[in-house]
Amino acid sequence: MIEFAGRTVLVTGGGAGIGRGIAVAFARAGARVVVAEIDRTRAEAVRASLGPDALVSVTDVRDATQVKALLDEVARKCGRLDVLVNNVGDFLGIVKPFEQHTDEDLEALYDVNLRQMFLVTRAAIPLLKKTGPGGSIINISTIEAFRGIPMNVVYSAFKAGVSGFTRSLALDLGPAGIRVNEIAPETTESEQVKPAEWIPARYREHIPRWIPLGRFGQPADAAGCALFLASDLAGWVTGTTLHLDGGALAAAGWYRTPDGGWTNTPVVTDRGIGGV
Ligand SMILES: NC(=O)c1ccc[n+]([C@@H]2O[C@H](COP(=O)([O-])OP(=O)(O)OC[C@H]3O[C@@H](n4cnc5c(N)ncnc54)[C@H](O)[C@@H]3O)[C@@H](O)[C@H]2O)c1
């Protein structure tokens, strides 16, 4: 239903996980897809799924020189840019109390979660504007920008920064007819996050109770949101967040009980809904 023939879409980190799911979905919808991927093996692997006119570049989006070279190449080879999906982001396996974060941790988390988004977006805006009204920027944030997460304070703070960036940039680019939105996913199966492996088998029966819609996310879920936000169906949607979370943020600590009821306590009580 959603058609992107004739449009060029740049996806950062499109070699794996959510980014790969988004890149492949845009290619299937007819777009010419550009992928910026730091990992050469992943870049090669995704190329075959994107069609012959795809541009897959081994690029580190944290490096301003590489980013500029990529955008120059997109201008030269594609002549236009309609959609930018800022997908790169990573908690870098840093899970510890805030006070134990080193200066290097702070820099690394800033570089990969927010600073690169500034670099890529700043470099892409001239070509987006030159392409004309109708453009779209989609930033990938996280549910952790909208609720607290222990031991990931810095990651979640930079992701909350992505929300501020999204809202304010939407105002800057509104007059040019370029929309800016974000997607905030809950746990989604990817290279970085592997609930199917991480959750021990003996607990998996609980998954349908943790998330109101009964499962974790898949890259295809994010792809559906990205296609919608980039399409004309979302032509009056800007500066906002699409909460891609199976209802987890709405539930905010409410879980199904084994008998089909609900509880907001860490143990199931016998007093019905919310009973303590
Ligand atoms: N998977 C989840 O549960 C989840 C939940 C919420 C938010 N997110 C966000 O979604 C986005 C994608 O996450 P994912 O789980 O699919 O990650 P992933 O690690 O599985 O995939 C990310 C891709 O980006 C590439 N990449 C990393 N650094 C790069 C760089 N500097 N330059 C170019 N490419 C780079 C990686 O090689 C990889 O191919 C991130 O912003 C992440 O914070 C993920």
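Tutor: Start with how helix packing is described: axes are lines fitted to C-alpha atoms, for helices over the stretch in contact, and angles run from 0 to 180 degrees between N-to-C directions. Keep in mind that this is a predicted model.

Student: OK. At what angle do α4 and α5 pack?

Tutor: The angle between α4 and α5 is about 20°, and their axes are 9 Å apart. Angles under 35 degrees count as roughly parallel, and α4 and α5 are therefore roughly parallel to each other.

Student: Which hand does the crossing of α4 and α5 have?

Tutor: It is a right-handed crossing.

Student: And which residues make that contact?

Tutor: From α4 there are Asp105, Leu106, Leu109, Tyr110, Asn113, Leu114 and Met117. The α5 side consists of Val154, Tyr155, Phe158, Lys159, Gly161, Val162 and Phe165. Sorted by class, the contact of α4 with α5 has 10 nonpolar, 2 polar and 2 charged residues.

Student: What about α3 and α4, how do their axes cross?

Tutor: Helix α3, residues 64–77, and α4 have axes that come within 9 Å and cross at roughly 25°. That angle makes α3 roughly parallel to α4. The crossing of α3 and α4 is right-handed.

Student: Which residues of α3 meet α4?

Tutor: Ala64, Val67, Lys68, Leu71, Val74 and Ala75 do. Their partners in α4 are Leu119, Val120, Ala123, Ala124 and Leu127. The contact of α3 with α4 has 10 nonpolar residues, no polar ones and 1 charged.

Student: Next pair, α1 and α8. Are they roughly parallel or oblique?

Tutor: The axes of α1 and helix α8, residues 219–230, come within 8 Å and cross at roughly 50°. α1 and α8 are therefore oblique to each other. The crossing, where α1 passes α8, is right-handed.

Student: Which residues are in the contact of α1 and α8?

Tutor: α1 contributes Gly17, Ile18, Arg20, Gly21, Ile22, Ala25 and Phe26. α8 contributes Pro219, Ala220, Ala222, Ala223, Ala226 and Leu227. By class, the contact of α1 with α8 divides into 10 nonpolar, 2 polar and 1 charged.

Student: Switching topic to the ligand. How many residues surround it?

Tutor: There are 31 residues around the ligand, and the closest are Gly13, Gly17, Gly89, Ser190 and Gln192. The elements giving two or more residues to that shell are α1 (17–28), β2 (32–37) and α4 (103–131).

Student: Which element gives the most?

Tutor: α1 does, with 3 residues.

Student: And what classes of residue are in the shell around the ligand?

Tutor: The shell has 10 nonpolar, 14 polar and 7 charged residues.

Student: Where are Leu92 and Met151?

Tutor: Leu92 lies in the loop between β4 (83–86) and α4. Met151 is in the loop between β5 (136–140) and α5 (153–173).

Student: Why does Leu92 count as partly exposed?

Tutor: A residue is buried if 20 or more other C-beta atoms lie within 10 Å of its own, and exposed if 12 or fewer do. Leu92 counts as partly exposed because it has 15 C-beta neighbours inside 10 Å. Met151 is also partly exposed, with 13 other C-beta atoms within 10 Å.

Student: What about Pro208, buried or exposed?

Tutor: Pro208 is exposed, because it has 12 other C-beta atoms within 10 Å. Pro208 is placed in helix α7, residues 207–210. Between Pro208 and Arg256 there are 8.1 Å from C-alpha to C-alpha, and the two are 48 residues apart in sequence.

Student: Last one, Leu55. Where is it found?

Tutor: Leu55 is in strand β3, residues 55–58. Leu55 is partly exposed, since 18 other C-beta atoms lie within 10 Å.

Student: Which residues does Leu55 touch?

Tutor: Leaving out residues up to four places away in sequence, Leu55 touches Val34, Glu73, Val74, Lys77 and Cys78. Val74 also turned up among the α3 residues that meet α4.

Student: How far is Leu55 from Trp198?

Tutor: Their C-alpha atoms are separated by 34 Å, and the two residues are 143 residues apart along the chain.

How values were computed. Residues are numbered from 1 along each chain as its sequence is written. This is a predicted model: local features need pLDDT of at least 70, side-chain atom pairs count only at pLDDT 80 or more; totals for chains, interfaces and linings use all residues. A residue is near a molecule or strand if its C-beta atom, placed from the backbone, lies within 6 Å of it. Helices (H or I, at least four residues) and strands (E, at least two) are DSSP runs, numbered from the N terminus. Ala, Val, Leu, Ile, Met, Phe, Trp, Tyr, Cys and Pro count as nonpolar, Asp, Glu, Lys and Arg as charged, and the others, Gly among them, as polar. Angles under 35 degrees count as roughly parallel, over 145 as roughly antiparallel, 65 to 115 as roughly perpendicular and the rest as oblique. A crossing is left-handed if the near helix is turned anticlockwise from the far one by less than a right angle, and right-handed if clockwise. Two residues are in contact if their C-beta atoms, placed from the backbone, lie within 7 Å.
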